[in-house]
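Welcome! Here are some exercises to work through with the structure beside you, each followed by a worked solution.

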Amino acid sequence: MSINNISYPKIVSSICLDKSTLTLLEDGILKIEIKEGAIVLAEDIMELQQPKLELSENKPHCVLFIMPRFGSLTKEGREFSASPAANVNAIAKAVIAPNLGMRIVANFFISRNKPPIPHKVFTKQEDAILWLIEQKNEFVLKDREALGS
């Protein structure tokens, strides 16, 4: 499938956990999909960290975070999600919020918790992927400029 003349990233590998599924896509995009109805605790976010490192091979990557239609993230889970420890090697995170309630929650999380990497909320996965590719390209360009300096 292509999106605005770009190929939709293909699946490289996946890991299923109790409350989420992590999928490495082409182009260094790590998709994290929270299961419907999940109540996500800080421990669940901590549990994601090792599989993220494995799938990304501990390299810089972008995150496509898919929220469920119904579910919740505890206060402690939100706090840990916004910490540097939960964003190791992440360049940017696009959040797919499937409904108005989840968009409000996601935007509140970003404004209140101020995560250490760029976050943006989307309703369409295609738009989110395009933004992540832009973020990755900017990161690569800055990295090259830094090496050349």
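Buried means under 20% relative accessible area, exposed means over 50%, and partly exposed is in between, with a 1.4 Å probe and protein chains only. This is a predicted model, in which local features need pLDDT of at least 70, side-chain atom pairs count only at pLDDT 80 or more, and totals for chains, interfaces and linings use all residues. Residues are numbered from 1 along each chain as its sequence is written, and side-chain values use heavy atoms, with hydrogens and water left out.

**Exercise 1. The neighbours of E4**

Find out which sense E4 and E5 pair in, and over how many bridges.

Solution. First, the rule: two strands pair if DSSP finds at least two bridges between them. E4 and E5 pair in the antiparallel sense over six bridges, with Leu22 bridged to Ile32 in E5. Three residues lie between these strands in their hairpin, where Asp27 takes a positive phi near 70 degrees.

Second, look at E3 (residues 11-16), which also pairs with E4 in the antiparallel sense, here over five bridges. Ile11 has Leu25 of E4 as its bridge partner, and a hairpin of three residues joins E3 to E4.

Third, check the faces. In a regular strand the side chains alternate between the two faces of the sheet. For E4, Ser20, Leu22 and Leu24 are buried on one side, and Thr21, Thr23 and Leu25 are buried on the other.

**Exercise 2. The largest core**

Which residues touch the most other members of the largest nonpolar core?

Solution. Begin with the term: a nonpolar core is a set of buried Ala, Val, Leu, Ile, Met, Phe, Trp, Tyr and Cys residues joined through side-chain atoms within 4.5 Å. The largest one has 27 residues, and Ile32, Phe65 and Met67 touch the most other members. Strands E4 (20-25), E5 (29-34), E7 (61-66) and E9 (90-96), together with H1 and helix H3 (100-113), each supply at least two residues of this core. Apart from it lies another core of 14 residues, including Cys62 and Ala128.

**Exercise 3. Following H1**

Where does H1 bend, and by about how many degrees?

Solution. Take the bend at a residue as the angle between axes fitted to the seven residues ending there and the seven starting there. H1 bends by about 25 degrees at Gln50, with a proline, Pro51, following within four residues. Finally, step past the end of H1 (residues 42-56): Glu57 follows, with a positive phi near 55 degrees.

Technical notes: The expected span of a helix is 1.5 Å times one less than its number of residues.
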